[in-house]
Amino acid sequence: MIKIWKRLFSREPQAEAVARPERVVIPRDQHTISRARISPHAVKVLYRLNEAGYEAYLVGGGVRDLLLGREPKDFDVATSASPEQVRRVFRNCRLIGRRFRLAHVHFGAEIIEVATFRAGHQPVEDTEDEPALDGAGEVGEHGMILRDNVYGTLEEDAWRRDFTVNALYYTVADFSVVDYTGGMADLDRGQLRLIGDPWQRYREDPVRMLRAVRFAAKLGFRIEPGTEQPLFELGELLEHVPSARLFEEVLKLFLAGYGVQTFELLRHYDLFRYLFPATDAALAVEEEHYPRTFVVNALSNTDERVAAGKPVTPAFLFAALLWEPVRQLAAELEASGECKTWLQALQVAGDAVITQQAVRVAVPRRFSLPMREIWEMQARLTRRSGKRPMQLLAHARFRAAYDFLLLRQASGEALDELCQWWTDYQASQEVDGEAPPPRPPADSEEADGEGRRRRRRRRGGRRRRGGAAAA
Ligand code: ATP
Ligand code: MG
């Protein structure tokens with residue numbers, strides 16, 4: 001009787017309460033996870049917590065990727081033990097985080113993140129006799145969760161997660177997988193579905209929109225229509241996310257090996273402009289292929305490097321993503337006479353674009369400095385007389401700047417001769433330190449300038465003023 005009364009007056013639409021799946025336990029012989037494919041350190045953490053009398057599960061991307069037969073990036077553990085209790089179990093453990101306290105268990109270079117079960121800020125079970133945990137989380141003016149540090153049960157922990165496929169729990173107690181939200185069925189269908197009401201879940205944390213795109217690109221999953229529709233409409237909420245958090249998200253979006261696909265999806269949902277407004281405006285000039293080609297080539301190079309296990313740097317990524325606004329503004333500054341040289345124009349434009357960009361996505365100084373150097377070296381690389389090439393070759397940023405130059409050339413800038421010259425020059429230095437560098441043609445100082453001038457004329461008056469005011 002009480003349950004019926006509660007259901008009638010519950011704030012949740014009745015359909016949702018009825019549609020909520022039951023807890024499903026998938027036994028060992030009905031799923032594909034084997035302990036052998038889990039990090040031995042994560043397995044150790046699970047056993048030790050169990051032995052100490054706590055519940056402990058592998059959860060999140062680790063379980064999802066194992067079930068898909070993919071190599072997990074990392075292994076996260078969820079437990080009934082509080083962070084302090086976790087610390088008492090492991091000597092090699094550090095507590096971190098202000099918004100939510102987490103335990104990091106260190107094994108050499110590997111860190112296993114252990115999080116205590118936590119409840120969402122919404123009541124999870126309106127139909128339970130016990131009063132639901134409510135009101136302990138704080139919600140800000142845009143519906144964003146500011147604090148959600150409320151410990152909870154395993155079930156509550158499942159419901160507060162983002163996507164159903166991220167809310168599957170694996171236990172070494174009987175090697176089963178526990179599923180509260182229908183994640184197994186969605187995995188089978190290859191579909192991403194937000195848990196709960198998507199509009200509300202995106203409002204609570206707009207970064208979930210970026211996560212939807214990231215997982216869709218990485219897993220090749222489709223985004224279930226109810227989860228997809230708000231993506232077209234709620235992008236603006238990203239303006240309220242702290243720029244430092246967006247920086248971290250941008251790295252995950254573009255440096256995880258699926259950058260091109262991620263970029264296409266972000267553009268499709270019109271989310272890219274909330275991350276890189278100036279770049280997005282440059283891409284909007286439809287008859288210009290160069291800006292888009294350049295970004296796609298840069299991301300595709302990055303994806304190839306990730307696939308080959310080569311290092312990728314945030315500085316190069318950001319330098320590439322912001323190149324078009326920098327190039328356009330620098331061209332204006334040089335044409336208007338505000339800057340006397342291309343080098344100076346690139347310096348001024350680089351500063352202005354970084355300042356403008358940092359409002360949206362923070363760019364830490366350790367990255368903005370090399371970014372500026374990569375851009376400036378685009379001008380320096382055109383100066384090939386005397387000792388200059390030798391000095392440039394010794395510059396810490398030479399390799400990145402040279403790769404950047406090749407990228408510009410491959411994307412349609414008239415830089416064939418300059419690229420070839422630097423390629424030959426490096427070869428001559430590597431093979432025989434004494435070999436004379438290839439002779440630059442008489443007009444070599446102009447090579448890069450020519451490329452730019454031609455482009456500049458074509459662009460005519462269509463250019464925005466972009467960050468010119470800040471310059
Ligand atoms: P990856 O392979 O990129 O590590 P992941 O799913 O493990 O993917 P993490 O960022 O490591 O992603 O987060 C671990 C888990 O924490 C997620 O699977 C999800 O269950 C939960 N989670 C992370 N971010 C959020 C969020 N913003 N809202 C709700 N749940 C989240
Ligand atoms: Mg993870």
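1. Counting contacts in the protein chain between residues at least 6 apart in sequence, 69% of them join residues at least 24 apart. Bear in mind from here on that this is a predicted model. The protein chain has 23 helices and twelve strands, and of its 471 residues, 51% are buried.

2. Next, have a look at helix 16, which covers residues 314–321. How many of its eight residues are buried? Eight of the eight are, so helix 16 is largely enclosed by the rest of the structure. If you want to click through them, they are P314, A315, F316, L317, F318, A319, A320 and L321.

3. Helix 21 runs over residues 398–410 and has 13 residues. Following helix 21 comes G412, with a positive phi near 120°.

4. Now put those two helices together. Two packed helices are described by the angle between their axes and by the distance between those axes. For helix 16 and helix 21, the angle is about 35° and the axes are 11 Å apart. The crossing of helix 16 past helix 21 is right-handed. Which residues make the contact? On the helix 16 side they are F316, A319 and A320, and on the helix 21 side A400, D403, F404 and L407. Sorted by type, the contact has six nonpolar residues, no polar ones and one charged.

5. On to charges: the structure holds 23 salt bridges. D157 is a handy one to zoom in on. Its side chain meets that of R160 in a salt bridge, at 3.3 Å from N to O, and it also meets the side chain of R161 in a salt bridge, at 2.9 Å. Are these residues buried or exposed? D157 has 0% relative accessibility, so it counts as buried. R161 is at 13%, which is under the 20% cut-off, so R161 is buried as well. R160 is buried too.

6. Another salt bridge pairs R380 with E376, with the closest N and O atoms 3.3 Å apart. Both residues lie in helix 19 (residues 365–380), and they are four residues apart, about one turn of the helix. How exposed is each partner? R380 comes out at 31% relative accessibility and therefore counts as partly exposed, whereas E376, with a relative accessible area of 15%, is buried. Elsewhere, salt bridges that share partners join R64, D65 and K218 into one network.

7. You'll find R64 in helix 4 (residues 61–67). Its relative accessible area is 3%, so R64 is buried. What does R64 touch, leaving aside its neighbours within four places in sequence? The contacts are V165, N166, L187, F215, K218 and L219.

8. Two residues have a backbone worth checking. F175 has a positive phi of about 60° although it is not a glycine. F175 sits in the loop between strand 9 (168–170) and strand 10 (177–179), and at 14% relative accessibility it counts as buried. D270 likewise shows a positive phi of about 60° without being a glycine. The loop holding D270 runs between helix 12 (259–268) and helix 13 (272–275), and D270 is partly exposed, with a relative accessible area of 34%.

9. Last stop: E236, in the loop between helix 10 (225–228) and helix 11 (243–254). Is E236 buried or exposed? With a relative accessible area of 52%, E236 is exposed. The C-alpha atoms of E236 and Y274 are separated by 7.0 Å, while the two residues are 38 apart along the chain.

How values were computed. Residues are numbered from 1 along each chain as its sequence is written. Chains are lettered from A and ligands numbered from 1 in the order in which they are written. This is a predicted model: local features need pLDDT of at least 70, side-chain atom pairs count only at pLDDT 80 or more; totals for chains, interfaces and linings use all residues. Side-chain values use heavy atoms; hydrogens and water are left out. A salt bridge is a side-chain nitrogen of Lys or Arg within 4 Å of a carboxyl oxygen of Asp or Glu. Buried means under 20% relative accessible area, exposed over 50%, partly exposed in between (1.4 Å probe, protein chains only). The expected span of a helix is 1.5 Å times one less than its number of residues. Axes are lines fitted to C-alpha atoms, for helices over the stretch in contact, and angles run from 0 to 180 degrees between N-to-C directions. A crossing is left-handed if the near helix is turned anticlockwise from the far one by less than a right angle, and right-handed if clockwise. Contact means heavy atoms within 4.5 Å. Ala, Val, Leu, Ile, Met, Phe, Trp, Tyr, Cys and Pro count as nonpolar, Asp, Glu, Lys and Arg as charged, and the others, Gly among them, as polar.
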